[in-house]
Amino acid sequence: MKKITLLLALLLFVTTVKMNAQVTKRDCEVKYNLFNGDFQSKKYDDAYTNWIFLMDNCKDLSVNIYKRGSTLAEDVRKDPALAKRVYEQRLQYFPDQNPAKVHSDYATYLFENKLASDDEIFSILEKGYSIDPTKMGVKNLYIYFQGVTDRNKDTNPQKVFDTYDDVLENVNKKLDNYAEKLVEYSDTTKVLDKRGKQLKRAYTINSKALGTVEGGLDNIISEIATCERLVPLYQRDFEANKTDAVWLKRSVSRMFNKGCQADPLFEKLVRAYAEASPSPEAYSFLANVLEDNGDSAGANEMREKSFDLETDPLKKAKYKLKFAQAARDRGQFSKARSLAREALKFNPNSGRAYLFIATLYQSSVNNCGENLFEKRMVYVAALNMAQRAASVDPSISSSARKYINIYSQNVPSQKDIFNATATPGGKFTIKCWIGETVRIPNK
């Protein structure tokens, strides 16, 4: 009996091998064309039959088997096992076809459907990130960094800092890319065709999502990146990295962003950075050090040098805004606004520049208004700038809304306008350095 069973199994195996061997390239092409036709016609049941044949017998015929097959598995059949097979076979047979995005999408599917552990999902994201972070989904960049932080914050904080810098650089690359594309659509008088509207909407949504991720990354890192932790860490590693431009750039940026400039180590790092990398960014940081040391002439020279060396308009805008921030810190509000306006010439969609001007106005409420009405009209000017920031730059719309809410609550009420014998809807010129004419609220 055992011999008969064994013989039958052997015959079945031989028959299966023979049948598979009989599948020709022509068979695959015919099934593929039928599958494509049915899929495009949304005849998903008919497409499914031919697709399974392709998945079993023609695995390396076309990447479209997997691109379109994911729709059948995930959305039509809602079959998790089949969906996992699609991702895994695609990575096996088409490893060079946008693998970072495929890993990212696979992780998203597993996460949203609770089909894998956190460690498994992190491992997939880690693979995708190592290939090309810019192809990762926006949310997955955040999840990946959270995973790195959770695993290393107590044992290896330097890895967390390095990963943060790396992730943030890639987020900023994506943001700059979308900002550059959105500049084309900044002319509100231009009529967009259907394709143009779709692209603008996509760039806006992605830019807004990236801006949210950027804020999320900062929230995570702020818990562990304190001056008390950074200073001894960078002091320890300085000698080994004093000629490493990348390490110096990241160290200087982190200490600057966390407000650690008062520590003598900051100047030491900045000067080493400028020597290791005579770049626009290094000279910009050196300008701040020189300014703090009382060398205004030297600081201005470094600022102009950093600006002149830069060729990218978006980066020039960022430098101008950084110069504006330095002027603000010295109490030079009018100059700070002028520099922010110069930044807008290089990047008309710089929401940060508009928001910066808004905060300048807000900080001058008591100085630029002699009575309640005048002070509240300063808030109107600030509100206008914050609203402009939100409208031109999706990446900071969330932050801008917070300011909009605050400023909106402080504009003149109808009673304030009446008591000031002002005309609703009329014009009002704000005093002192602001000197801007704005509309009095109608309601």
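## Burial of Cys260

Cys260 counts as buried because its relative accessibility is 3%; buried denotes under 20% relative accessible area, exposed over 50%, and partly exposed in between (1.4 Å probe, protein chains only). The model is predicted: local features need pLDDT of at least 70, side-chain atom pairs count only at pLDDT 80 or more, and totals for chains, interfaces and linings use all residues. Residues are numbered from 1 along each chain as its sequence is written, and side-chain values use heavy atoms, with hydrogens and water left out.

## The Cys227–Cys260 link

Cys260 forms a disulfide (a pair of cysteine sulfur atoms within 2.5 Å) with Cys227, the sulfur atoms being 2.1 Å apart. The link is left-handed, with -95° about the S-S bond. Cys227 lies in helix H11 (residues 227-241) and Cys260 in the loop between helix H12 (245-257) and helix H13 (264-276), so the pair ties together parts that are 33 residues apart in sequence. Helices (H or I, at least four residues) and strands (E, at least two) are DSSP runs, numbered from the N terminus. Cys227 is partly exposed, at 23% relative accessibility.

## The Cys28–Cys58 link

The sulfur atoms of Cys28 and Cys58 are 2.0 Å apart and form a disulfide. Its S-S torsion is about -85°, so this disulfide is left-handed. Both Cys28 and Cys58 are buried.

## The Cys368–Cys432 link

Cys368 and Cys432 form a disulfide with sulfur atoms 1.7 Å apart. A torsion of about 80° makes this disulfide right-handed. Cys368 is buried, at 2% relative accessible area, whereas Cys432 is partly exposed, at 39% relative accessibility.

## Overall pairing

The count comes to three disulfides. With the bonded cysteines of the protein chain numbered in sequence order, the pairing reads 1-2, 3-4, 5-6.
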